[in-house]
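Here is a short briefing to read alongside the model. Take a look at the sequence and the fold, and then we can go through a few spots together.

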Amino acid sequence: VFVVLDIGTRRLLHWNITQHPTADWTVQQFRACVTGETAHRFVVHDHDAIYSSELDRALNSMGLDVLKTPIAAPQANAYCERLIGTARRECLDWVIALNERHLRRVFAEWVSHYNRGRPHSSLGPGLPDRSSSAAPPARGHRLPPGSRVTTKSILNGLHHEYGLSSVAA
């Protein structure tokens with residue numbers, strides 16, 4: 001699983017899955033998500049063999065500075081390490097992927113939940129995609145008049161997202 005994470009918002013910008021990643025495939029993934037429309041300045045990656053000098057040159061030509069983490073120091077890329085651990089704990093450890101297509105479908109649903117419905121403690125009481133969290137302010141432990149709590153099942157009940165909706169008259 002290849003992921004591109006925006007550190008400031010904790011939003012997954014791009015992801016893809018392959019059984020046999022190569023440097024060329026990885027360059028193509030960066031081309032798909034680095035469009036020049038956003039103000040990204042750098043890419044942080046480890047010393048995996050996939051990150052060749054050709055890939056670093058391609059990233060530099062896209063206007064990105066390449067920052068390599070020290071060898072055997074996962075704390076240097078803590079945000080991405082945390083994301084990978086979260087993906088394993090919340091999704092991949094609970095699912096037996098039947099094939100690549102099934103894994104893509106499961107991971108796509110989890111990524112949507114991660115970006116839009118899952119609170120991130122490092123952001124305070126916020127979600128990475130703040131556009132979807134337009135809930136009215138709560139007053140104590142009471143629901144706003146004319147509303148009820150709704151639930152949406154994620155990954156067949158592995159997770160749930162909660163929201164408010166209007167009560168039908």
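Predicted model: local features only at pLDDT ≥ 70, side-chain atom pairs only at ≥ 80, totals over all residues.

- Helix 2 spans residues 53-61, and its buried residues are Leu55, Asp56, Ala58 and Leu59.
- These four lie on the same side of helix 2, because they cover an arc of only 160° around the axis.
- Packed against the buried residues of helix 2 are helix 1 (23-33), strand 3 (42-45) and strand 4 (65-68).
- Turn to the face pointing away from that buried side, and you will find the exposed residues Arg57 and Ser61.

**A nonpolar patch on the surface**
- Ile7, Phe42, Leu67 and Tyr79 make up a nonpolar surface patch, and together they have about 340 Å² of accessible area.
- Phe42 belongs to strand 3, one of the elements that the buried residues of helix 2 pack against.
- The relative accessibility of Phe42 is 36%, so Phe42 counts as partly exposed.

**His102 in helix 4**
- His102 sits in helix 4, which covers residues 100-116.
- With a relative accessible area of 16%, His102 is under the 20% cut-off and therefore counts as buried.
- Apart from neighbours within four places in sequence, His102 is in contact with Val95, Ile96 and Ala97.

Technical notes:
Residues numbered from 1 in each chain as written. Heavy atoms only, no water. Helix = DSSP H or I, 4+ residues; strand = E, 2+ residues; numbered from the N terminus. Buried < 20%, exposed > 50% of the residue type's maximum accessible area, 1.4 Å probe, protein only. Contact = heavy atoms within 4.5 Å. Arc of directions from axis to C-beta. Patch = residues over 30% accessible without salt bridge, like charges linked within 9 Å, V, L, I, M, F, W, Y side chains within 5 Å. Areas by Shrake-Rupley, 256 points an atom, 1.4 Å probe, with all protein chains shown as cover. Salt bridge = Lys/Arg side-chain N within 4 Å of Asp/Glu carboxyl O.
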